[in-house]
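Below is a short report on one protein model. Look over the sequence and the structure before reading on.

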Amino acid sequence: MNKNMTKGNIFKVLLLFSIPLILSGILQQLYNWVDAVIVGNLVGQSSLAAIGVTSTVSNLFICIISGLTIGVTILISQKYGAKNYKDITKVAGSFVVFLVLLSIFFSFLGIVFTKKILLLMNTPTDIINLAKSYLSIIFVGVPFLTIYNVYGAMLRGIGDSRTPLYAIIVSTITNGILALIFVGVFHMGVSGAAIATVLAQAVSGIYLIIYVYKKYSVLRFKFKKDIISLQILKQGLTLGFPIAIQSSIMAIGSLLLQNVMNSFGTQTVAAVTTAYRIDTIGILPVINVASAISTFVAQNKGAGNMERAKLGLKKGIEIILPMSIITTLAVVFGAPTFMRLFGVSKEVIVMGQQFLFCCSIFYPIFGIQNAYVGFLQGNGDVIVPAISNIVSLMLRIFLSYSLANLIGFRIIAYSEMASWVLGTIICFIRYKSNRWEKLL
């Protein structure tokens, strides 16, 4: 059911909207967890490292699409708050067609250049063929993942965070069953895990298409000659393009950081990429609460109630801080257990535990940064948060490359913590400057 976020208890509205987002995000990350756990235990550590290497590559294309869909959520939220339902239908038609076509192009590029990208990343020679087999298949599924993201973005824009959760539950179960069959029964290795993931992504996308067309007339559009509105497309891209550019630069930066990681050898790759899977789950709750703040602010901006939008930021931080502290404790004390799930060696577990401890103690700082980012983006101020993330990334890259020989693989974690602190400072200064109010 769609939720009008312009009225009601702010804390309750944000919390109830955030919970399905958090669960959806965790389940979406379990796609790769399922692949990694099954492959790590049934095939071996080299195959696990191969899957870990590919995540930064596929994310380069996925982040661009995801960045654009954030613009869709902001635009629909503002129009929903203003009760401009006719334009919402135009947003749906324009962006579904545009983003699906764009994702097909990205999928083609990814398949063609997979091997060259892996070579540029200095991927260890003993896992490069495994990585290529997995990644080539994953790229086939990019259009399906795009369909899920764009329909999920539209639903979140009108306040429905539950339906994307239902879709991802069905998809995650499908992925787990198929991965066990393809890898455990048919012994298809990393290729079997990739095929399972792609089929599961297709299921989630189809589920959302069917649900939206049955339940939400405001998001239902017809395929006709003028299906793409250039005016609407321009509005959405104005909001989403800076986020997409930032996301793509972040993904490219991750490739550069992956190159540093790869230079330490296969064992370190297995340790850090596995630790990152746990870290990604750890930071998801605050990221999704920040996404809820963004939708809340956008709807209230559309309704012309910025005082309520500001209170939304305050209440959002009240949710984020205790949540991030609890997550920190869970990661610090549960790291060895989580690492063992992937079937890695004791040496890899120790390295991963050290990495996770360094990152997790700064989760509250990361949470505050994302709260301010969510507020600014929901208000339409997408440039400064994008610049903030890019500058923070440059700091990470500089520290990683300049201090790698001196500190070792831990510099990857230390540089990330430094980037969170810098990003928080930049976004806080922007918020306190009140310059975003000029965007009203």
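His187 is exposed, at a relative accessible area of 65%. Exposed means over 50% relative accessible area, buried means under 20%, and partly exposed lies in between, with a 1.4 Å probe and protein chains only. His187 sits in the loop between helix H6 (162–185) and helix H7 (189–215). Its phi is positive, about 55 degrees, although His187 is not a glycine.

Lys83 lies in the loop between helix H2 (45–81) and helix H3 (85–120). Lys83 is not a glycine, yet it has a positive phi of about 60 degrees. Its relative accessibility is 52%, so Lys83 counts as exposed.

## Model and confidence

This is a predicted model: local features need pLDDT of at least 70, side-chain atom pairs count only at pLDDT 80 or more, and totals for chains, interfaces and linings use all residues. Residues are numbered from 1 along each chain as its sequence is written, and side-chain values use heavy atoms, leaving out hydrogens and water.

The mean pLDDT (the predictor's confidence in each residue, from 0 to 100) is 87 for the protein. A score of at least 70 is reached by 97% of the residues. Helix H5 (residues 142–157) has the highest confidence, at 94. Helix H8 (residues 230–262) has the lowest, at a mean of 80. Where pLDDT is low, the predicted coordinates should not be read in detail.

## Overall fold

The protein has 14 helices and zero strands. Helices (H or I, at least four residues) and strands (E, at least two) are DSSP runs, numbered from the N terminus. The radius of gyration, taken over C-alpha atoms, is 21 Å. The C-alpha atoms fill a box of roughly 55 × 45 × 35 Å along the principal axes.

Of the 440 residues, 59% count as buried. Contact means heavy atoms within 4.5 Å. Among contacts between residues at least 6 apart in sequence, 85% join residues at least 24 apart.

## A buried glutamine

Which helix holds Gln369? Gln369 is in helix H12 (residues 363–378). Gln369 counts as buried because its relative accessibility is 4%. Setting aside neighbours within four places in sequence, Gln369 contacts Asn389, Trp420, Gly423 and Thr424.

Key: Rg over C-alpha atoms; globule rule 2.2 N^0.38 Å.
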